[in-house]
Amino acid sequence: MAIGQHDPDRRERIIEAALELIAEQGVAGTSHRKVAARAGVPLGSMTYHFNGMDELLREAFTRFSDTVVAVFEARLGAAGGIEEAREAVADLVHHLSSGDQGNQRDIVLTHELYTLAAREPAFRELTRAWMSRSRRALEWHFDPATARQLDALIEGLSIHRALETEPHERALTVEAIIRITTPPAG
């Protein structure tokens with residue numbers, strides 16, 4: 001596309017190119033020059049649309065977290081009761097951790113964001129907002145304390161399953177969910 005021509009999708013292409021590069025090369029391997037080349041835009045477009053790499057990364061990871069929250073909302077929104085909600089939580093764990101089923105990009109992006117959040121307050125806040133939105137979706141079926149525990153369980157089991165050479169079976173996931181969501185006797 002010629003320089004100066006109206007290109008309404010340019011910003012979106014830049015964000016998507018950044019996510020692709022982060023998934024392939026990590027945040028450390030992602031640069032303005034590489035993103036511009038991947039997006040097929042002039043290098044000057046980077047500074048026109050973003051005030052720096054941090055802003056681009058925040059936009060990209062916000063977009064990514066929005067897609068994960070949409071998965072939470074879709075699965076939990078379709079659940080008609082507590083049993084279906086438990087199944088939806090198990091589905092989330094296994095979906096979020098199944099790199100062999102096309103989710104490897106999302107697994108890498110999640111871990112890259114966690115690494116940034118551990119070091120940088122702005123990314124920590126972005127991650128907190130993501131967790132808050134995920135918990136709100138869980139609260140459609142579970143009380144706030146249980147939703148918080150389930151959110152941590154989803155994250156933890158997803159990480160374990162994604163990194164194990166032989167991930168645990170669904171039965172173990174379901175058992176953990178039942179333990180957290182079953183009120184104590186008496």
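**Entry 1: fold**

I counted 9 helices and 0 strands in the protein. Helices here are DSSP runs of H or I with at least four residues, strands are runs of E with at least two, and both are numbered from the N terminus. Along the sequence I read the pattern α-α-α-α-α-α-α-α-α. The model is predicted, so I kept local features only at pLDDT of at least 70 and side-chain atom pairs only at pLDDT 80 or more, while totals for chains, interfaces and linings use all residues. Residues are numbered from 1 along each chain as its sequence is written, and side-chain values use heavy atoms, with hydrogens and water left out.

**Entry 2: overall numbers**

I took the span of the C-alpha trace along its principal axes: about 70 × 35 × 30 Å. The protein has 186 residues, and 41% of them are buried. Buried means under 20% relative accessible area, exposed over 50%, and partly exposed in between (1.4 Å probe, protein chains only). The accessible surface comes to about 10000 Å², by the Shrake-Rupley method with a 1.4 Å probe; for residues, only the protein chains shown count as cover. Carbon and sulfur atoms own 52% of that surface.

Next I looked at contacts, meaning heavy atoms within 4.5 Å. Of those between residues at least 6 apart in sequence, 65% join residues at least 24 apart.

I then counted charges: 21 positive and 28 negative side chains. Lys and Arg count as positive, Asp and Glu as negative; His and the chain ends are not counted. I placed each charge at NZ of Lys, CZ of Arg, CG of Asp or CD of Glu. The centres of the two sets lie 5 Å apart.

**Entry 3: the core**

I searched for nonpolar cores: sets of buried Ala, Val, Leu, Ile, Met, Phe, Trp, Tyr and Cys residues joined through side-chain atoms within 4.5 Å. The largest one holds 48 residues, and F61 and F72 touch the most other members. At least two residues each come from α1, α2, α4, α5 (82-96), α6 (104-119), α7 (121-138), α8 (144-163) and α9 (170-181). Helix α4 gives the largest share, 9 residues.

I listed the partners of F72, skipping residues up to four places away in sequence. They are G77, L92, L96, S134, A137, L138, D151 and I154.

**Entry 4: helix α2**

I went through α2, residues 32-39, and found V35, A36 and A39 buried. They sit on the same side of α2, because they cover an arc of only 100° around the axis. That arc is taken from the directions from the helix axis to the C-beta atoms. The face turned away from this buried side carries the exposed R33 and A37. Cover for the buried residues includes α1 (10-25), α3 (44-49) and α4 (53-77). Just past α2, G40 has a positive phi of about 70°.

**Entry 5: two single residues**

I looked up L126 in helix α7. L126 is buried, at 12% relative accessible area. Beyond four places in sequence, L126 contacts R58, F61, T62, S65 and L113. L126 and F61 are 65 residues apart in sequence, yet 8.0 Å apart C-alpha to C-alpha.

Last, I checked T182, in the segment after α9. T182 is partly exposed, at 38% relative accessibility. From T182 to T146 I found 36 residues in sequence and 9.5 Å in space, C-alpha to C-alpha.
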